[in-house]
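I opened my notebook to look up ring contacts and strand pairing here. My entries follow in the order I made them.

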Amino acid sequence: MPDHHGAQSRRHGVSGAVGMPGRPARSVVLVGVMAVLTAAAVVFGAGPAVASSPATVSMGSVVVPAPMRNTTVKVPITLSGPQASDVYVSWQVTGGVLGVDYAAPAGIRTTRIPAGRTRGFASVKLFGMYSGWYFFPPPLTVSITGVSGAPVGVGTPSGVLDVMAEYKPPAAISIGSVSVFEGDQTKPQTVSVPIVFTEFWDYPPGTEVQVTWQVTPVSATPGADYKAPTMPKTTRIRSGYRGFANLAVLGDVDREGDEVFEVTILSATAVPTPPPPPGCEYDCHPEDITILNGTGTVTILDDDDGTANLKAWGYNGLGSLGLGDTTNRHRPVPVGTNPDWQHLSVGQGSVLAIDGDGSLWAWGDNWMGQLGTGDTDDRLTPTQIGTDTDWVAVDQGSLHVLALKSDGSLWAWGTNGRGQLGTGDTDDRLTPTQIGTDTDWVAVSAGSGFSLALKADGSLWSWGENSFGQLGLGDLDDRWVPTRVGLDDGWVDISASPNGSHAFARKADGTLWAWGFNEDGELGLGDLDPHLEPTSLGSESDWAHVEASYSGGFALKAGGTLWAWGATNFVGQLGVGDTNGRGVPTQVGTDTDWVTVAPGASHTLALKADGTLWVWGGNHVGQLGLGDFRHRLSPTMAGSATWQAIAAGDGFSLGLKS
């Protein structure tokens, strides 16, 4: 039986974490910490080798401060020149002991540098200092083992990942990386690249440092993409504070892809130089300021839509946005150029989508095979699942997937530890597997370890984990094959909680029903009692649609009103204007033109009849798409575009434009 109370504590945890319950080997680090330590990586080794025929690839070196938590550090891999096709660089980590000096990866891994790009990264997960490091962990060597995809040679074959694990390192300067949308040609916009002077023991409060920096173009063009400043420039920062390298980004109206330039620290000098601290016995050189990361990257994001109808934004640490990288976005960004996506479904960190031709595609997290690609490798861009072109519906739970084909057959894949795939066993599946031989399935909904489905005759079926009555069968026994729920045949709408143990369904007569775990009032019934069978939410019969959230639910009525309930509302994800939970359905505002709603882990998206997008709840990684990181307690309109479909995951969002 799973630790349901543990799952509850995760759902009520700190809103700054984008976590994956039950995944200790590849847990997602607190976003704030990951961003700081990823930005703290600096290339100290040789730069890209001189291009041979036609180019070479080189591995960089990085120095990072010892992390306090398990953290992924990116070691840069640089091409001396862009290539016409993708370059695949294989690499491995040596010089340390897996599981002792670093967490991952083991063996040889491969990084893709997309065509036209000149940089990729080798991602190495490090243990937190208090998880095994105390003073001086050994440096790790990251070596290139092979290159394919283009006729590219190897320049610098290996780099060093060196961790500064002193408890009190010397004063240090760090420069960050930022992303900014290019905008139009009406006026330049200022981008501020943060420079942080860390206050440590050997620099008294109030000490200032003068930082000299310069700008270097990478793929962006000075004068066309940004206003090139007179070089070098200086910024003064007080100890323990941050300053900024302020630059002007120029807009245009051409679709040209993202462009990059770098801001590099040339020197950092204390003004005036402070004396050594009293009683210092070891390396006491307060005039020496360590440059932890000397280069920050400014990415100018192209915001000209082109033909793509799929947009993505928010957390992207697992490639959930499908953009070919792991950089977060705080505004909607087009995914590829396909204009004909028809259907979306998101899991905790993965996405599945059906194209207009009926083909099925997947990207993002794949640690339990939930992408259906036959392996457990993550994908950073949309990848087709097989060659079939008759998919009509797909829905993801926490780590498993259900899908329907046009012939009414039911298919499933991913994790299966509680029989949630319906295959009659508990073996995982890495590719779509047909469930039984019936061809009258019309709807599916995948939850956290359990599954629901409807047949054409209106009957309701369930299978998988049943520790809290989430199957609605009147008992607590798991089922490994689809099992009918009661004898009623008027069911028309179903929704299983993607990370909880409760479910909802609607009947053709407009009544709304709930069952499963209810310790925190997830069911909206006004009590805290578990319900092992479908229980009616009052006597109202004008419900039009229902969506289970992580710890509650949302529903629409026939008159276009929107209603929400649930105990978890700590960042306003219910949209009711405060952070208090609701034990019964509560109307969201007074508008009467809502047409669909998509709850994520801590944020919510919804569409109105005019196609406008409205967002609320948590926004710590930009998942609301508003260009900032402020939470919203009530629905807020996101831009003026019109949309036809939306989906919300664990810290990220997707939508299909009209």
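**Entry: charges over rings.** I count a charge as sitting over a ring if NZ of Lys or CZ of Arg is within 6 Å of the ring centre and within 35 degrees of the ring normal. By that rule I found the charged end of Lys-608 over the ring of Trp-614, 4.0 Å from its centre. I also noted Lys-557 over the face of Trp-563, at 4.4 Å from the ring centre.

**Entry: ground rules.** I am reading a predicted model, in which local features need pLDDT of at least 70 and side-chain atom pairs count only at pLDDT 80 or more, while totals for chains, interfaces and linings use all residues. Residues are numbered from 1 along each chain as its sequence is written, and side-chain values use heavy atoms, with hydrogens and water left out.

**Entry: aromatic pairs.** I pair rings of Phe, Tyr and Trp (its six-membered ring) if their centres lie within 6.5 Å; planes under 30 degrees apart are stacked, over 60 edge-to-face, and the rest tilted. The structure holds 14 such pairs. For Tyr-226 and Phe-261, I read ring centres 4.0 Å apart and planes at 25°, so this pair is stacked. Tyr-226 belongs to strand 14 (residues 226–227) and Phe-261 to strand 17 (residues 259–271), so the pair ties together parts 35 residues apart in sequence. My strands are DSSP runs of E, at least two residues long, numbered from the N terminus. Both Tyr-226 and Phe-261 are buried, meaning under 20% relative accessible area with a 1.4 Å probe, protein chains only.

I then turned to Trp-594 and Trp-614: their ring centres are 6.2 Å apart and their planes at 80°, so I logged the pair as edge-to-face. It links distant parts of the chain, with Trp-594 in strand 42 (residues 594–599) and Trp-614 in strand 44 (residues 613–617), 20 residues apart. Trp-594 and Trp-614 are buried. I also noted a cluster in which ring pairs link Trp-341, Trp-361 and Trp-363.

**Entry: two open sheets.** Two strands pair if DSSP finds at least two bridges between them. I looked up a sheet of four strands in the order 34-35-36-37, with antiparallel pairing. Its edges are strand 34 (491–496) and strand 37 (531–536), each pairing on one side only. Five bridges join strand 34 to strand 35 (residues 502–507), and Trp-491 stands opposite Lys-507.

The other four-strand sheet has the order 6-3-1-8 and mixed pairing. Strand 6 (119–126) and strand 8 (152–154) are its edges. Strand 1 (residues 55–59) pairs antiparallel with strand 3 (residues 71–79) over three bridges, and Met-59 stands opposite Ile-77.

Definitions and conventions:
Buried < 20%, exposed > 50% of the residue type's maximum accessible area, 1.4 Å probe, protein only.
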